[in-house]
Amino acid sequence: MKNLNRYGYFFIAPFWLVFLVFSIYPVALTFYYSFTNYTGSGTAEVVGLANYTRLLTDSFFVQAFVNTLKIWGINFALQMGLALILAAIFSDMRLKMKGQSFFRAIFYLPNLITVSSVALLFGILLDWQHGSLNVVLMNLGLISDPINWLNEPATAQISVSLILTWMWFGHSFIVIMAGISGISTDYFEAALIDGANRWQTLVSITLPLLKPILLYIMITSLIGGLQLFDLPMLITDGIGSPDGSLNTMVLYLYNQAFKYNNYGYASAVAYGLFIITVIFSAVVFRSMYSSERKQARQV
């Protein structure tokens, strides 16, 4: 049997080979390059912590970090708010909503569309001179002059956040609905018998029991938000305009590496982004469960 078991290593060898070559090796090489001034050609000269020192004082990286948090924050607040409201309506025992499968498919549909198609679609809708949104708002008398949605820093960030909300709230809605379906109906029936209203049921029963699901959504959304790249890249042609308001951290990393050939500094930015992601995820995880631990100690 021992001799037969050894053949198992031959079956797992292809996976580990691919994993080492295309995952572990690039990560290790990026870590090495973060301590060099590598420009994509020639010999990489070791410069120690110079790239990380530059990263801490780089105003453009700080701006990219703030932009990323703003876009993700607006997107997450709207996404979660809309997903929770819809989930509360669809799971309400008093309403007994029908056609849930149909609405789930409709809400999730934007998540299946490629980002390039979404960027092209909203680029046309938000066009300054001929965009459908400006035409509709002007016909309704809500605005007198067309708004350049993607060429003003404030409106550009809000526009990207709304597009991301439209793309991702269906995913959050389905995950929340799955979490609610895992809650025993006895809790909701008992609350209904005791005369609890919808708000009391949501706050006292649904949300506390959904805490693991909400934590999962928040952390995955945070990780994805900090890595935001494709939509700003396609909408701004990679330059992060206007006034750098759509220049996210990953877009800044991309430009440093592939536009300016600062591979060494871009590697340091990549590891800076990794550290920021770990810190934020740990803070979110700790804050979500700190109150629960305090209540357990009091009991």
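The structure is a predicted model, in which local features need pLDDT of at least 70 and side-chain atom pairs count only at pLDDT 80 or more, while totals for chains, interfaces and linings use all residues. Residues are numbered from 1 along each chain as its sequence is written, and side-chain values use heavy atoms, with hydrogens and water left out.

**Overall fold**

- The protein contains 14 helices and zero strands, and its pattern along the sequence reads α-α-α-α-α-α-α-α-α-α-α-α-α-α.
- With a radius of gyration of 24 Å, the protein is well over the 19 Å that the globule rule gives for 299 residues, so it is more spread out than a compact globule (radius over C-alpha atoms; rule 2.2 Å times the number of residues to the power 0.38).
- The C-alpha trace of the protein spans about 75 × 75 × 45 Å along its principal axes.

- At aspartate 237, a residue other than glycine, phi takes a positive value near 60°.
- Serine 241 and proline 242 are joined by a cis peptide bond, with omega about 0°, and proline 242 is placed in the loop between helix 12 and helix 13 (249–259).
- As background, most residues other than glycine have a negative phi, and most peptide bonds are trans.

**Helix packing**

- Helix 9 and helix 10 pack with their axes 11 Å apart and at an angle of about 170° (lines fitted to C-alpha atoms over the stretch in contact, angles from 0 to 180 degrees between N-to-C directions).
- Helix 9 and helix 10 are therefore roughly antiparallel to each other (under 35 degrees is roughly parallel, over 145 roughly antiparallel, 65 to 115 roughly perpendicular, the rest oblique).
- In this contact (heavy atoms within 4.5 Å), helix 9 supplies Tyr187, Phe188 and Ala191, while helix 10 supplies Thr201, Ile205, Thr206 and Leu209.
- The residues in the contact of helix 9 with helix 10 comprise five nonpolar, two polar and no charged (nonpolar: Ala, Val, Leu, Ile, Met, Phe, Trp, Tyr, Cys, Pro; charged: Asp, Glu, Lys, Arg; polar: the others, Gly among them).
- Helix 10 and helix 11 pack with axes 4 Å apart at an angle of about 60°, and the two are therefore oblique to each other.
- Leu207, Pro208 and Leu209 of helix 10 meet Lys211, Pro212 and Leu214 of helix 11, and the residues of this contact divide into five nonpolar, no polar and one charged.

**Pockets**

- The largest pocket holds about 520 Å³ of space (an open set of points on a 1 Å grid over the protein atoms alone where a 1.4 Å probe fits, with protein on both sides within 12 Å along at least five of seven lines; lining residues have an atom within 4 Å of a point; volume is the space filled by probe spheres on the points, joined across faces, edges and corners).
- Of the 26 residues that line the largest pocket, Ala88, Arg198, Thr201, Leu202 and Thr206 lie nearest its centre.
- Helix 4 (59–90), helix 9 (185–193), helix 10 (198–209) and helix 11 (211–226) are the elements that give two or more residues to the lining of the largest pocket.
- The lining of the largest pocket has 18 nonpolar, four polar and four charged residues.
- The second largest pocket, with a volume of about 390 Å³, is lined by 19 residues, of which Asn75, Trp168, Ser221, Gly224 and Gly225 lie nearest its centre.
- Two or more residues of the lining of the second largest pocket come from each of helix 4, helix 8 (153–181), helix 11 and helix 12 (230–235).
- The lining of the second largest pocket has nine nonpolar, nine polar and one charged residues.
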